[in-house]
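Welcome, and thanks for bringing your viewer along. Please load the structure and switch to a cartoon view, and we will walk through it stop by stop.

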Amino acid sequence: MRPVILRPVISSATAPRARDRSPTGPAPLELRAEMYRAQVRVRYFEKEAYDLFLQNLVKGTSHLSIGQEAIAAGVAAALRPDDYVFATYRGHAHALLRGAPMAAVLGELLGRQTGLMAGKGGSMHLTYTPNNFMGSYAIVGAHLTIANGAAWSAQYRGTDQVTAVFFGDGTTNIGAFHEALNLAATWKLPVVFMCENNLYMEYTPISQVTAVPRPAADRASAYGLEPVVVDGNDADVVYQTTLEAASRARAGEGPSLVEAVTYRHGGHSRADPGKYRPDSEVAEWLAKDPLPRYRERLLHDGVESSVLDRIEAEARAEVDQAREQAKAAPVADPADVERQVFADGGATWRR
Amino acid sequence: MGQVITYREAVAVGLAQEMARDPSVVMIGEDIGAAGGVFKATAGLLEKFGPERVRDTPISEQAILGAAMGAAMTGLRPVAEVMFADFVSVCHDVIANQIAKARYMTNGQVALPLVVRFGNGGGLRFGAQHSQSVESWLMAVPGLKVVVPSTPADVVGLMAAAVRDDDPVMFLEEKALYPTSGEVPEGEHVDQLGTARVRRDGADVTIVALGTMVHRALAAAEQLAAEGTDCEVVDLRSLVPLDVSTVAGSVRKTGRLFTVEENPRLCGWGAELASIVAEECFYDLDAPIRRITTPHVPLPAADSLEDAAIPSVERVASEVRSGLG
C-alpha cells in the first residue's frame with residue numbers, strides 16, 4: 001500500500017501545455033505558438049521588472065532571464081500539470097510559465113500584500129504550489145537535492161510525476177550538485193536536471209573556473225548519464241529534449257542531465273551592468289536572440305503574422321495590467337512578520 | 001506495566017509505531033537499513049518495513065536532508081538520520097536556509113512535516129568532531145523545533161509527536177544514553193512537544209537540565225538531599241517550543257535557578273533561559289542564576305579530559321553548593 005497524497009493541481013490558462021504529443025514527434029504548431037507566447041510574456045515581464053527597478057519600486061536584488069526565455073518556454077511546454085518544478089533565484093520566467101499569476105509575481109517584486117508570498121519571499125523565492133512550482137532557491141545548488149526529494153516522493157507514491165530542476169552553469173562547481181546527481185542516478189529518480197549555461201558564473205566566465213569545457217555535460221559520465229548539450233536559445237530543441245528526458249523518467253529510467261547553452265542579455269543581477277563581457281561576444285549572442293529567431297521560424301512554418309502580433313499585444317496588455325494592479329496594491333502587512341514560521345500559522349517558540 | 005527497554009531500542013520502537021500507523025512515514029540515512037544504523041538505533045526496521053521505506057543513502061548529508069525536504073513538501077513524512085550530530089555542519093544550509101525558512105518565505109504554501117535524527121553529545125571519547133552537543137546551534141534558527149529526550153519513554157513518545165508534527169523537528173538522541181534502560185508505556189505512546197517534566201520535586205533549588213545532563217542533575221540532587229538541600233530537577237525535553245511556564249513555576253517556588261548544559265558555554269540554551277527568568281521572575285529570585293556548562297572549548301578525546309570538560313555529578317553538586325552561598 002502506498003499513500004497517494006497529491007496536492008491540488010490548477011492548470012493555468014496562460015501556461016503552455018503539451019497536447020497530443022509524442023516523445024519523438026515535433027511539437028504541433030499551435031503549441032509552438034504558445035511557446036512563442038511564453039517567451040514574449042517573459043521578455044515583456046522582465047523588461048517591466050527592470051524598468052520598475054530603475055524607478056526604485058523594486059528593492060533588493062533581482063536576476064532577469066532576458067535572453068534565456070527559450071529554455072523556460074521549452075521546458076514548461078513539455079511538462080505535465082502535475083509535474084514538479086524547482087528554479088533558482090533567476091526564476092521569474094519559470095514561475096510565470098508554471099502559471100503563477102503575473103500580477104502576484106510583480107506584486108512580490110514590489111513588496112505588496114498581493115504578492116505571490118505576500119512580500120515575504122521576494123524576487124529570489126517565488127513559489128506557487130497550486131501548480132507544483134515548488135520554489136525558487138537562492139543558495140546555489142541546494143535545490144537540486146530538494147528536487148530529488150520531490151522525485152523520491154513521486155517514485156515512492158507510485159505516480160509518474162517528473163521533477164524538473166533548473167540551475168545555472170555555476171552550480172556545477174558546488175558540492176550539492178555532485179551529491180544530488182549521484183543520489184538521483186543511484187536511485188533512478190525521475191528528475192530532469194536542466195542546466196541553463198549562460199557562460200558566466202555571476203561575473204566570471206564559467207570556462208575560467210571549470211576543469212572541463214562543458215560544465216554540466218562533461219560531468220554526466222561520472223553519474224552514468226549521457227552528456228547532452230543543446231541550443232538553449234531554441235525552444236523547439238529544448239521542448240523535444242525535455243519531452244524525451246521526462247518520458248524516460250516516467251518510464252523509470254532515471255534522471256537526465258541537460259546542458260542548454262544560452263546567454264543573458266543583461267548582467268548577473270540588478271547591480272551588475274555586465275561590462276566584463278566583450279562587446280563582440282554580446283553582439284554575437286544578441287544576434288541569436290531566441291525571440292526574433294523563433295518568430296521567423298513560426299512565420300516560415302505557416303503561422304500567420306497576425307497571430308504572432310496578437311500574442312505580442314496580449315502579452316503587452318497582460319504586463320501593463322499586472323503592473324497597474326501591483327502598483328495599486330497595498331504594501332506588505334507588517335502583521336505578517338510573525339506569521340507562518342510554524343504550522344500553527346504563528347511564530348510562537350515558547351509556552 | 002510497560003516493558004523495560006533501552007534508549008537505543010526505544011528509537012526503533014517509536015519509529016516502528018509511527019511507520020505502522022502511517023505509510024507516508026519513510027526513513028533515509030547512511031547505514032540505517034541493512035546495518036541497522038551506526039548506533040544500531042534503527043535495527044530491525046528494514047526487515048519490518050522494506051527497503052522502499054528504510055532507504056540507505058551515500059555519504060551525502062546535503063542530499064539526505066534535501067531529499068527529506070522535497071519529500072516533505074510533496075506529501076511524505078520523512079525521518080532523516082544525520083548520524084553524528086556534528087555532521088549537521090555539512091548540511092546546515094539545507095537545515096538553516098531551506099528547511100527552516102521554506103514555510104515562512106512562501107507564506108505558508110509549503111509544509112515541512114519532517115524529522116531529522118541526530119546522535120548528539122559526548123561521553124564516548126570520540127573527540128571534537130564526533131561528540132558535540134549541537135542543540136544550541138539548532139535552537140538559534142527560527143523555524144525549527146528542537147527536541148532532546150532523556151528516557152526511553154520520552155524517545156518513543158516524543159518521536160511519535162515529532163513525526164506527527166507538521167513542522168520540521170530536530171530530534172537529538174543522546175549517544176551517551178543509548179545503552180540506558182527505562183520503562184515505556186504499554187501500547188501506542190504519543191507525547192507532546194514543548195513540554196518540560198519535573199523529574200524530582202524539591203523546595204530549595206531548581207536545576208534545569210537536558211538530555212544526558214538530566215541524569216547527572218538527578219544524581220547530584222540525591223547527594224545534595226543527603227546534605228539537606230532539596231533540589232527540584234526539571235527535564236526541559238524541548239528547546240523549541242520552550243516550556244517557560246514549567247521552569248518559571250519551579251523558580252517561583254524555589255527562588256534559585258541552575259542550568260546544567262552539555263554544550264559549550266557561549267550562547268548555550270541556558271543563557272536564553274537565564275535571560276527569560278531574569279526578565280520575568282527577577283523578584284522571585286533569591287540568588288544569582290548560575291549556569292553549569294562545558295567550558296568554551298572543543299571537546300577533547302581522552303577519558304580524563306572529556307570527563308573534566310562535561311559537567312559531572314560532582315561538579316553539578318559542588319556548583320549548586322557554592323551557589324547556595
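At what angle do helix α1 and helix α8 of chain A pack? Keep in mind that this is a predicted model. Select residues 29-54 of chain A for α1 and residues 235-250 of chain A for α8: the two helices pack at an angle of about 110°, and their axes are 11 Å apart. Angles from 65 to 115 degrees count as roughly perpendicular, so α1(A) is roughly perpendicular to α8(A). The crossing of α1(A) past α8(A) is right-handed.

Now show side chains where these helices touch. From α1(A), pick A:Leu31, A:Arg32, A:Met35 and A:Gln39; they meet A:Ala235, A:Asp236 and A:Tyr239 of α8(A). Sorted by class, this contact between α1(A) and α8(A) holds four nonpolar residues, one polar residue and two charged residues.

Next stop: the sheet. Colour the strands of chain A and follow them across in the order β2-β1-β3-β4-β8-β7, an open sheet of six strands with parallel pairing. Which strands stand at the edges? Select 133-137 for β2 and 228-231 for β7 in chain A: each has a single partner strand, so one side of each is left without a neighbour in the sheet. Turn the view to look along the sheet, and you can follow a twist that averages 20° from one strand to the next.

Finally, zoom in on β3 (residues 163-168) and β4 (residues 191-197) of chain A, which run parallel and are joined by six bridges. To see one bridge pair, select A:Thr163 together with A:Val191, its partner in β4(A).

Conventions. Residues are numbered from 1 along each chain as its sequence is written. Chains are lettered from A and ligands numbered from 1 in the order in which they are written. This is a predicted model: local features need pLDDT of at least 70, side-chain atom pairs count only at pLDDT 80 or more; totals for chains, interfaces and linings use all residues. Side-chain values use heavy atoms; hydrogens and water are left out. Two strands pair if DSSP finds at least two bridges between them. Helices (H or I, at least four residues) and strands (E, at least two) are DSSP runs, numbered from the N terminus. Axes are lines fitted to C-alpha atoms, for helices over the stretch in contact, and angles run from 0 to 180 degrees between N-to-C directions. Angles under 35 degrees count as roughly parallel, over 145 as roughly antiparallel, 65 to 115 as roughly perpendicular and the rest as oblique. A crossing is left-handed if the near helix is turned anticlockwise from the far one by less than a right angle, and right-handed if clockwise. Contact means heavy atoms within 4.5 Å. Ala, Val, Leu, Ile, Met, Phe, Trp, Tyr, Cys and Pro count as nonpolar, Asp, Glu, Lys and Arg as charged, and the others, Gly among them, as polar.
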